[in-house]
Amino acid sequence: MSVVLSFALATTALSAFPTAVLAQESSDPVALQRALQERDERLARQDALIEELSRRLSAIEDRLPPPPAGTQTRTATAEPPVPTRSAAPGPGQFEVEPEDAERALERTLTREGVLLLPPGYAEITPSFQYSRVETTGTGGVPFDGQIFAGDNKIKRDEMIAAVDLRVGLPFDAQAELRVPYNIVHSQQTGELDFLPVDESSDTGDGFGKLQVGLAKTLLRERSWRPDLVGRVIWEADTGSSQDNGVALQSGGHAFTAELTALKRQDPLAFIAAGGYTWNTEDDDLRPGNEIFLSLGAALAVTPETSLRASLDQIFADDLELDGDTIGGTDSNQTSLTLGGSVLVHRNTLLDVAFSAGLTDDAPDYSVLVSLPIRFETPSL
C-alpha cells in the first residue's frame with residue numbers, strides 16, 4: 001500500500017506545477033528560464049520515481065502465489081498442452097485398452113465354445129486334464145487258486161494331454177480340430193469280506209480319438225434373444241482302445257450335434273448347452289448314446305480375469321455287447337465345475353478349471369489346465 005500511495009502523491013505533485021508562476025514571470029526571460037529548468041528537474045525526478053515504483057510492483061507480483069488453475073486464461077499465442085504419455089508397464093504387466101475391457105471374459109467364452117473366432121484369427125490350445133475315478137463292483141475275486149464272489153475296487157488316474165485348434169471362417173463359422181493323447185494308471189483290488197486278497201496295477205497310454213468339428217453362429221443376441229451357436233463333431237475311430245491290459249477308450253466312431261446359447265448382462269454371461277452323441281460299435285462293444293446338458297455363468301471380475309461356474313450332466317444309455325443290451329449299465333454323470341481365467345499376455349490366456357463329481361458315475365474330481373494362444377491368419 002505504501003508503494004501505491006507514493007505513486008499517487010508523486011503524480012499529484014506533478015499536476016500541481018505552478019503554471020500561474022510561469023504566466024507571471026513570462027515577461028522576465030531569466031525568471032522564465034529558471035522556472036523551465038526547475039520543471040525539467042522535477043520531471044526527471046518523477047520519471048526516476050515511476051521507474052522505481054514499477055520495479056517494486058514487479059518484485060511484489062513475483063512473490064505472490066499463482067492464481068488457481070481454473071482462473072487462468074489462455075492467451076492467443078499460448079501453445080496447446082502436450083498430452084502426457086503414461087509410463088511403460090512394469091515387468092509382467094501390459095496396458096488394456098478400454099475397448100478390450102472384457103477381453104478376458106470374451107476369451108473365456110471362446111474357450112468354452114460359446115463365442116466363435118472372427119475370420120483371420122486362429123487359436124491353438126495346449127491342455128492337460130487329470131481325473132481321479134474310483135469304482136466298486138461285485139464280481140469274481142481269485143484267491144488260493146479259486147474264484148470267489150467278492151468286491152472289485154478299481155482306482156484310475158486318467159490323464160489327457162491334448163492340442164485344440166480353432167480357425168475363424170467367413171459367414172460366422174469356425175473350424176475345430178482336437179488331437180488327444182491318453183495316459184491311464186489303473187489299480188484293481190479284489191476284496192473278500194473287506195480284506196484285500198488280490199491286487200494288480202498297470203499303466204497304459206496311446207492316442208485318443210481325433211475330433212473334427214464345425215461351428216456356426218445361428219442367431220445373434222438381440223433384446224431377449226441370446227446368441228445361438230450350432231456345432232457338429234466327428235470323433236474318428238483312431239488310437240488304441242487298450243494298452244498293457246488297461247482300457248483307454250471304448251467304442252468306434254462318434255457323431256455329436258450340439259446347441260449353445262449365450263445371454264450377456266455385463267459383467268455377467270449366462271451359458272446353456274445341450275446335445276446328443278451317437279456312438280458306433282468297436283470290437284463288438286458299443287457304448288450307449290449320450291444326452292448332455294450344461295448350465296452355467298461367467299463373470300468378468302477385472303479386465304484381465306474372469307470366473308465361471310457350471311453344472312454339467314451326461315446321461316448315457318446301456319452298453320451293447322454283440323448287439324445285446326447289458327442292463328444296468330446306463331449312467332448319470334453329474335459334476336460341478338468351477339474355473340478361472342487370466343490374461344498372461346495380450347494373445348495368451350491361462351485357464352484353470354476344477355470339477356467335482358456329484359454322482360457315483362462321475363469322476364471323483366478332475367483338474368483341467370489350458371493355455372489358449374490367439375494369432376492372426378491370412379483372411380479366408
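The following dialogue asks how several terms apply to this predicted model.

Tutor: The model is predicted, so local features need pLDDT of at least 70, side-chain atom pairs count only at pLDDT 80 or more, and totals for chains, interfaces and linings use all residues. Residues are numbered from 1 along each chain as its sequence is written, and side-chain values use heavy atoms, with hydrogens and water left out.

Student: Why is the aromatic pair of Y130 and Y365 called tilted?

Tutor: Rings of Phe, Tyr and Trp (its six-membered ring) pair if their centres lie within 6.5 Å; planes under 30 degrees apart count as stacked, over 60 as edge-to-face and the rest as tilted. Y130 and Y365 are 6.2 Å apart centre to centre, with 55° between the planes, so the pair is tilted. The structure holds 4 aromatic pairs.

Student: What makes F354 and Y365 a stacked pair?

Tutor: The centres of F354 and Y365 are 6.4 Å apart and the planes 25° apart, so the pair counts as stacked. Y130, F354 and Y365 form one aromatic cluster.

Student: Which parts of the chain does the pair of Y130 and Y365 tie together?

Tutor: Strands here are DSSP runs of E with at least two residues, and helices are runs of H or I with at least four, both numbered from the N terminus. Y130 lies in strand β1 (residues 121–143) and Y365 in strand β18 (residues 365–370), so the pair ties together parts 235 residues apart in sequence. F354 belongs to strand β17 (residues 348–357), 11 residues from Y365.

Student: Why does Y130 count as partly exposed?

Tutor: Buried means under 20% relative accessible area, exposed over 50%, and partly exposed in between (1.4 Å probe, protein chains only). Y130 has 22% relative accessibility, so Y130 is partly exposed. Y365, at 34%, is partly exposed, and F354, at 40%, is partly exposed.

Student: How do you know that helix α4 is largely enclosed by the rest of the structure?

Tutor: In α4 (residues 103–111), 8 of the 9 residues are buried, so the helix is largely enclosed. The buried residues are R103, A104, L105, R107, T108, L109, T110 and R111. Just after α4, G113 takes a positive phi of about 85°.

Student: What does L165 contact beyond its neighbours within four places in sequence?

Tutor: Contact means heavy atoms within 4.5 Å. L165, in strand β2 (residues 146–169), is in contact with E123, I124, A175, E176 and L177. L165 has 30% relative accessibility, so L165 counts as partly exposed.

Student: What makes β14 and β15 a pair of strands?

Tutor: Two strands pair if DSSP finds at least two bridges between them. Strand β14 (residues 320–321) is joined to β15 by 2 bridges, so the two strands pair, and they run antiparallel. L321 has D324 in β15 as its bridge partner. The open sheet has 3 strands in the order β11-β14-β15.

Student: Why are β11 and β15 called edge strands?

Tutor: β11 (285–286) and β15 (324–325) each pair on one side only.

Student: Which residues make the nonpolar surface patch of about 600 Å²?

Tutor: I124, V163, V344, L350, V352, V369, L371, I373 and F375 make the patch. Patch residues have over 30% relative accessible area and no salt bridge; like charges are joined within 9 Å, and nonpolar side chains (Val, Leu, Ile, Met, Phe, Trp, Tyr) within 5 Å. A salt bridge is a side-chain nitrogen of Lys or Arg within 4 Å of a carboxyl oxygen of Asp or Glu. Accessible areas come from the Shrake-Rupley method with a 1.4 Å probe; for residues, only the protein chains shown count as cover. V163 has 39% relative accessibility, and V163 is found in strand β2.
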